[in-house]
Amino acid sequence: AMSKSAVKISSDLLSNPLCEQEPSFLEMVTAFDTAMKRMDSFNQEKVNMGLAEEGETRVYCWFSSVFPSLNMAVKRREQTLQDYKRLQSKVEKYEEKERTGPVLAKLHQ
């Protein structure tokens, strides 16, 4: 709502007769108007994205209640991903160490 008000104020300033008389004032008001329009479009995009994310959340919740196995599969996937990252960091740690017998044995487990 505030960005809409700022756009209205900037457009009102552009229609002010002083803009016709003072080129420097016109340039400043034009820059202000451009900035306010950009801000308004950015805010509108944020609102639209928020509504899209909210819709996705609602759909996911509905599927979770209808298909409980879906929720379990998502949890298993998250757990597997965490396990993978943990093991990957272990492998990287052992690869950085000196290549001795015990380190190679742990690396190839």
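Predicted model: local features only at pLDDT ≥ 70, side-chain atom pairs only at ≥ 80, totals over all residues.
Of the contacts in the protein chain with a separation of 6 or more, 29% join residues 24 or more positions apart, where a contact means heavy atoms within 4.5 Å. Residues are numbered from 1 along each chain as its sequence is written, and side-chain values use heavy atoms, with hydrogens and water left out.

The protein chain has five helices and zero strands, these being DSSP runs numbered from the N terminus (H or I, at least four residues, for helices; E, at least two, for strands). Of its 109 residues, 12% are buried, where buried means under 20% relative accessible area, exposed over 50%, and partly exposed in between, with a 1.4 Å probe and protein chains only.

Turning to the charged pairs, the whole structure holds four salt bridges, each a side-chain nitrogen of Lys or Arg within 4 Å of a carboxyl oxygen of Asp or Glu. One of them joins Lys8 and Asp12 at 3.1 Å, N to O, with both residues in helix H1 (residues 2-14), four residues apart.

In helix H3 (residues 23-66), Asp33 and Lys37 also lie four residues apart, about one turn of the helix, and their side chains meet in a salt bridge of 3.1 Å, N to O. Here Asp33 is buried, with a relative accessible area of 6%, whereas Lys37 is partly exposed at 45%.
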